[in-house]
Amino acid sequence: MADPNMVSEVDGKVAVVTGAASGIGRAIAELLVERGAKVVAVDWDEKVSELASESLVALKGDVTVESTADEAVQTAIDRFGKLDLLVNNAGYINYQSVVDTSLEEWEKVMAINSTGYFLFSRAAVKAMIPNKSGAIVNIASYASFFAFKDIAPYAASKGAVAQLTRSLALEAIEHGIRVNAVGSGDVVTNLLNTFRDDGREFLTEHGKAAPIGRSADPREIAEVVAFLASDRASFVVGSIFMVDGGYSVQIA
Ligand SMILES: NC(=O)c1ccc[n+]([C@@H]2O[C@H](COP(=O)([O-])OP(=O)(O)OC[C@H]3O[C@@H](n4cnc5c(N)ncnc54)[C@H](O)[C@@H]3O)[C@@H](O)[C@H]2O)c1
């Protein structure tokens with residue numbers, strides 16, 4: 001049963017969540033609605049429509065297209081009256097050495113994981129400035145700071161998310177808008193399924209190397225997003241909050 005002290009932490013807030021059809025984004029959209037928020041859930045996968053309810057509008061769209069960001073923000077305002085929160089979460093990873101990575105593939109990773117975050121952040125901050133309040137939570141990664149072989153575009157794109165978070169945080173806080181990120185560790189989702197059939201099993205196994213000895217359930221990331229999105233995190237600005245079972249603090 002949910003903790004009664006936490007169930008209303010985002011009550012009455014209006015959020016845009018990207019990449020909400022699957023995995024972490026889906027868990028975030030569901031948790032925000034459970035805790036009283038209204039959500040515009042964006043994904044290019046039509047499965048996003050499964051989430052539609054009185055409290056959630058599903059919007060099918062590509063986060064790399066400028067007009068999708070504007071449409072998502074406008075939908076929040078038209079349907080729910082305002083925009084309080086943006087969760088930039090949509091993501092894509094490839095697994096290839098740099099020498100085998102085509103320009104097209106590099107640009108795809110950067111477009112989804114970095115440019116999309118920029119486009120949605122810009123549209124959201126513009127809508128939040130007149131309200132003098134708001135919050136943005138970006139889904140970053142331990143790959144924002146550390147690397148494995150064969151994920152250079154992904155690591156570069158997530159490094160950009162960390163620096164977008166910090167730099168935009170300085171601009172936005174002048175308007176009462178807090179920008180933060182979650183540095184996620186291994187979470188069992190379909191993220192790797194674009195290049196390997198056993199993506200979920202791989203993530204389950206890989207997480208065992210974290211000090212906590214396991215991977216996360218998407219809900220464990222969503223919990224921290226809900227906190228950072230809420231007024232309880234009123235003094236948290238420009239932070240990359242690591243949620244990785246201790247992965248990033250160990251040397252070996
Ligand atoms: N799963 C992990 O271990 C892990 C670790 C660190 C960070 N992350 C990050 O978490 C975020 C969510 O990933 P996930 O693990 O839930 O993966 P997922 O594949 O389950 O979900 C990603 C979602 O993003 C959507 N998406 C991708 N490109 C899009 C586009 N151009 N337009 C609209 N929607 C698009 C997909 O359709 C999908 O629904 C990503 O940013 C990912 O990099 C995941």
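Modeller: Let's start with S1, H1 and S2, which together form a right-handed β-α-β unit. Right-handed here means that, with the strands pointing away from you, the path from the first strand over the helix to the second runs clockwise. The names are DSSP runs numbered from the N terminus: helices are H or I with at least four residues, strands are E with at least two.

Some ground rules first. This is a predicted model, so local features need pLDDT of at least 70 and side-chain atom pairs count only at pLDDT 80 or more, while totals for chains, interfaces and linings use all residues. Residues are numbered from 1 along each chain as its sequence is written, and side-chain values use heavy atoms, with hydrogens and water left out.

Back to the unit. S1 and S2 are parallel and share five bridges, with Ala15 standing opposite Val39 in S2. Two strands count as paired if DSSP finds at least two bridges between them. Another five bridges join S2 to S3, again running parallel, and there Ala41 sits opposite Ala58 in S3. Five of the six residues of S2 are buried, so this strand is largely enclosed by the rest of the structure. Buried means under 20% relative accessible area, exposed means over 50%, and partly exposed is in between (1.4 Å probe, protein chains only).

Now zoom out to the sheet. This open sheet has seven strands in the order S3-S2-S1-S4-S5-S6-S7, with parallel pairing. S3 (56–60) and S7 are the edge strands, each pairing on one side only. On average, neighbouring strands in this sheet are turned by 15° against each other, ignoring direction. Helix H1 (residues 23–34) packs on the sheet, touching S1 (14–18), S2 (38–43), S3, S4, S5 and S6, and its direction makes about 165° with that of S1. Contact means heavy atoms within 4.5 Å; axes are lines fitted to C-alpha atoms (for helices, over the stretch in contact), and angles run from 0 to 180 degrees between N-to-C directions.

Follow the sheet along and you reach S4 (residues 85–88), which pairs with S5 in the parallel sense over four bridges; Leu85 has Ala135 as its bridge partner in S5. S5 and S6 also run parallel, joined by eight bridges, and Ile139 has Val182 as its partner in S6. Val182 also has a bridge partner in S7, namely Phe241, and four bridges join S6 to S7 in parallel.

S6 itself is mostly covered, with eight of its eight residues buried. In a regular strand the side chains alternate between the two faces of the sheet. Here Ile177, Val179, Ala181 and Gly183 point one way, Arg178, Asn180, Val182 and Ser184 the other, and all are buried.

H4 (residues 152–172) has 21 residues and spans 29 Å from its first C-alpha to its last, close to the 30 Å expected at 1.5 Å a residue; the expected span is 1.5 Å times one less than the number of residues. Its buried residues include Tyr154, Val161, Thr165 and Leu168, and what covers the buried residues of H4 includes H3 (103–128), S5 (134–141), S6 (177–184) and S7 (240–243).

Helix H6 (residues 218–229) lies across S4, S5, S6 and S7, running at about 165° to S6.

So what sits inside? The largest nonpolar core has 40 residues, and Ile28, Leu32, Val39, Ile139, Val182, Ile221 and Val225 have the most contacts inside it. H6 supplies the largest share of this core, seven residues. A nonpolar core is a set of buried Ala, Val, Leu, Ile, Met, Phe, Trp, Tyr and Cys residues joined through side-chain atoms within 4.5 Å. Not counting residues up to four places away in sequence, Ile28 touches Val17, Val87, Asn89, Ile139, Ala222 and Val225. A second, separate core of 31 residues includes Val14, Ala76, Ala90 and Leu168.

One last stop is helix H2 (residues 66–80), where Ala69 is found. Ala69 is buried, with a relative accessible area of 0%, and touches Leu119, Phe120 and Ala123, again leaving out residues up to four places away in sequence.
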